[in-house]
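Thanks for sending this one over.

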Amino acid sequence: MTIGAAVPRKEAVPKLTGAARYVDDLVLPGMIHGVTVRSRAPRGRILAIRFGSGVPWDEIVVVTARDIPGRNCIRLLLDDQPCLADGFVNHPEEPVLLLAHADRALLDRARAAVEIDVEPAPAVLTLADSLAGGTVVWGTDNIFKEYRIEKGDVDRALAAADVVVEGTYETGAQEQLYIEPQGAIAQVDRDGAVTVWGSMQCPYYVQKALMPLFAVGPEKARVIQVETGGGFGGKEEYPSMIAAHAALLARKAGRPVKIVYDREEDMAATTKRHPSRTRHRTALARDGRILGLDIDFVIDGGAYATLSSVVLSRGAIHAAGPYECADLRIRARAVATNAPPHGAFRGFGAPQSIFALERHLDECAARLGMAPDELRRRNFVQKGGTLATGQVVRDDIDMGALLDEALARSDFHERRRRFAAENPTSRVKRGMGLAAFLHGTGFTGAGEKHLQSVVAVEGTAEGRVRVLAASTEIGQGTNTVFAQIAADALGVPYDAVDVAQPDTAHVPNSGPTVASRTVTIVGKLVEAAARDVKAALAASGAADIADHVARHGPLRAVAEYLQPPYVSWDETTFRGDAYGAFSWAVYVAQVAVDTVTFEARVEDFVAVQEVGRVMHPVLAVGQIEGGVAQGIGWALTENVVWRDGRMANCRMTDYIIPTSVDVPPIRAFFVESPYAYGPHGAKGIGELPMDGPAPAIANAIRDALGVSPTRIPATPETIEETIEEAHG
């Protein structure tokens with residue numbers, strides 16, 4: 001058995017030796033470079049495009065919206081985002097035209113020489129202004145999508161409550177800041193067939209976008225994922241844009257074209273985590289029971305819809321957390337502004353709504369004179385209880401036990417008492433904070449059923465096993481875990497299993513690498529297909545795989561997703577089983593705040609989670625440590641500064657992410673409760689650790705200072721403002 005063992009990673013040797021080839025390492029015969037010319041205006045009509053002097057324009061390939069052979073859109077959900085602006089721009093950084101040339105230095109000069117005259121139109125630059133509706137920039141009311149989740153009678157609960165606590169909480173944008181910037185290479189044959197090589201999470205998303213743009217079928221839109229240096233959601237939908245641009249240039253140039261963004265362009269122009277604002281009204285009994293939750297959750301989608309509706313739905317479903325509440329109302333809206341579109345980021349809306357809930361529960365506990373852990377303990381949902389959508393909890397989960405372990409591992413109560421005694425006379429004040437939360441595995445509701453993911457496993461003439469799936473390796477260990485699953489299902493050595501490079505011409509569509517679904521959903525299909533291969537091998541009487549292929553021909557099995565029989569979901573009412581299973585966690589942070597510099601620092605972090613079966617202990621710990629580090633950045637330092645809808649600090653010198661100096665010891669602990677519909681019982685793990693750090697850290701700041709941070713990142717300036725507001 002390799003499951004549960006720390007087997008060597010499949011991609012380790014190529015990456016360590018430099019043999020792994022990323023987009024910018026690839027050179028195709030005759031290849032030239034491409035760049036994008038973008039709007040600087042947040043909104044307005046394009047009056048003229050001027051090409052400055054001193055540039056040999058006759059040598060440069062120029063592409064505008066008129067050169068698009070099909071529909072001018074980046075196909076996704078609403079298809080509202082143009083590939084290239086045609087007469088009107090809706091955000092700074094909106095692509096207007098494309099340039100290509102063999103000389104990259106000349107190309108940069110040419111881009112700088114292009115001037116785009118825009119007649120300004122009224123722009124909406126904040127979430128609050130969008131909701132106010134004074135200027136409408138999308139649809140009739142600036143609302144991309146709205147959901148409502150209702151259970152019981154929350155107005156009755158509010159009226160009958162002993163205590164009602166209200167609060168408003170805000171979260172900022174966050175840049176994914178993957179190590180490798182966005183990049184793609186495209187080639188267009190004489191017959192119009194398009195081939196793209198790119199750094200991406202979802203090859204079939206890119207194929208879906210290329211088909212209407214070039215008016216071709218899937219057989220003429222081939223997408224190949226090359227080695228990808230991180231994604232975190234930032235390479236989910238955006239690669240469709242850069243791939244489309246490279247392909248349009250390649251079509252007009254008659255030569256392959258490579259586009260690779262530098263860091264500044266990548267940070268300024270691509271998607272980020274949605275900023276959010278959440279308002280809570282909570283009805284409480286004096287004994288700490290939550291009687292009613294009234295939640296208004298809003299996210300800023302930017303200029304186009306992209307994936308905002310999906311991000312919104314997950315945020316809404318997670319907004320009530322792992323608590324039993326008979327009466328609740330959740331109103332969720334995604335609104336338009338004239339910032340570059342926001343999109344997928346690890347957690348997908350849940351970190352925003354969970355931050356608000358877990359921050360608010362500490363305020364509720366304070367109003368009741370109760371310890372924050374005790375308030376949560378009295379309201380945890382139990383197996384057989386129901387969540388916000390009415391979903392019955394089938395997971396064998398004991399949140400109280402997770403809480404007990406997190407409190408014990410962090411020495412929560414003793415440290416809290418000690419810090420309370422030391423803080424009055426100390427310049428550096430310390431506090432303890434916790435967060436309890438859950439995260440759904442896979443696509444919401446019937447999403448997995450609609451997607452109908454497919455995986456193939458085959459035996460080769462050399463006697464090896466090959467896994468074919470569109471799920472991408474982006475640093476999280478997909479290839480390793482798929483090989484573990486196949487090896488154990490077939491009873492072959494781990495080293496005898498290969499995982500095919502994702503290529504839409506050769507691998508089936510197993511769906512996107514998102515939503516904590518890769519191991520649980522796609523891995524289960526790998527397991528099923530591998531078992532079918534084993535059964536076919538046994539039935540054939542062949543001695544081994546190579547013997548079977550030599551005597552009987554190809555040895556291949558295909559598995560298609562089957563929804564668990566109990567899952568029932570109503571998309572119109574948002575009622576039913578939102579997910580087949582949840583992962584559950586309690587996180588505790590110890591934070592120190594310098595009351596002279598107002599700098600907050602995380603000194604210790606304990607993460608306790610139940611994620612089903614742990615497939616690979618080193619990879620699992622790595623997921624938790626990485627997610628917590630990202631959460632620390634979002635909570636404390638990663639402040640996107642907006643000026644007229646544009647990211648002003650789009651450099652790593654002034655967009656501050658945590659370094660090794662800023663990340664404390666992260667102590668990760670796992671409780672295993674296998675999920676029947678995951679391979680060997682595995683559930684999702686990738687997004688979970690993004691949900692808990694920010695509220696745990698903010699709650700620790702409250703414990704240290706006695707004031708309530710309501711917005712993140714809690715930079716020194718924000719902490720100082722919070723103290724000033726608290727003291728009038």
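The points below go through a helix pair, some salt bridges, one leucine and the aromatic rings.

1. Please keep in mind throughout that this is a predicted model. The values I quote are computed from that model.

2. Let's begin with two helices. Helix α14 covers residues 478-490 and helix α15 covers residues 518-540; their axes lie 8 Å apart and the packing angle is about 35 degrees. The crossing of α14 over α15 is right-handed. On the α14 side the contact includes Val481, Phe482 and Ile485, while α15 contributes Val519, Val522 and Val526, among others. Sorted by class, the contact has 11 nonpolar, 3 polar and 3 charged residues. Glu527, Arg531 and Lys534 of α15 are among the residues making it.

3. Now to charged pairs. Across the whole structure, a search finds 56 salt bridges. One of them joins the side chains of Lys683 and Asp395, at 3.2 Å from N to O. These partners sit 288 residues apart: Lys683 is in the loop between β27 (666-671) and α18 (688-691), and Asp395 is in the loop between α10 (372-377) and α11 (399-410). Lys683 and Asp395 are both buried.

4. A second salt bridge worth a look links Arg517 and Glu448, with an N to O distance of 2.9 Å. Arg517 is in the loop between β19 (497-499) and α15, whereas Glu448 belongs to helix α13 (residues 447-451), so this pair ties together parts 69 residues apart in sequence. Here too, Arg517 and Glu448 are buried.

5. Which residues are linked in a network of salt bridges? They are Arg38, Arg104, Asp108, Arg111 and Glu265.

6. Leu368 lies in helix α9, which spans residues 350-368. Buried means under 20% relative accessible area, and Leu368 has 18%, so it counts as buried. Leaving aside neighbours within four places in sequence, Leu368 is in contact with Val163, Leu284, Ala285, Arg286, Gly288 and Leu375. Phe51, by comparison, is 317 residues from Leu368 in sequence and 67 Å from it in space, C-alpha to C-alpha.

7. On to the rings: a search of the whole structure finds 12 aromatic pairs. Tyr323 and Phe380 form a stacked pair, with 5.7 Å from centre to centre and 5 degrees between the planes. Tyr323 is in the loop between α8 (308-318) and β15 (327-336), and Phe380 is in the loop between α10 and α11, 57 residues apart. Tyr323 is buried at 3% relative accessibility, and Phe380 is buried with a relative accessible area of 6%.

8. How are the rings of Phe582 and Trp584 arranged? Their centres are 5.8 Å apart and their planes are at 55 degrees, so the pair is tilted. Phe582 and Trp584 are both buried.

9. Finally, have a look at Tyr147, Trp569 and Phe574, which ring pairs link into a cluster.

Definitions and conventions. Residues numbered from 1 in each chain as written. Predicted model: local features only at pLDDT ≥ 70, side-chain atom pairs only at ≥ 80, totals over all residues. Heavy atoms only, no water. Axes fitted to C-alpha atoms, helices over the stretch in contact; angles between N-to-C directions. Helix = DSSP H or I, 4+ residues; strand = E, 2+ residues; numbered from the N terminus. Left-handed = near helix turned anticlockwise from the far one by under 90°. Contact = heavy atoms within 4.5 Å. Nonpolar A, V, L, I, M, F, W, Y, C, P; charged D, E, K, R; others polar. Salt bridge = Lys/Arg side-chain N within 4 Å of Asp/Glu carboxyl O. Buried < 20%, exposed > 50% of the residue type's maximum accessible area, 1.4 Å probe, protein only. Phe/Tyr/Trp six-rings, centres within 6.5 Å; stacked < 30°, edge-to-face > 60°.
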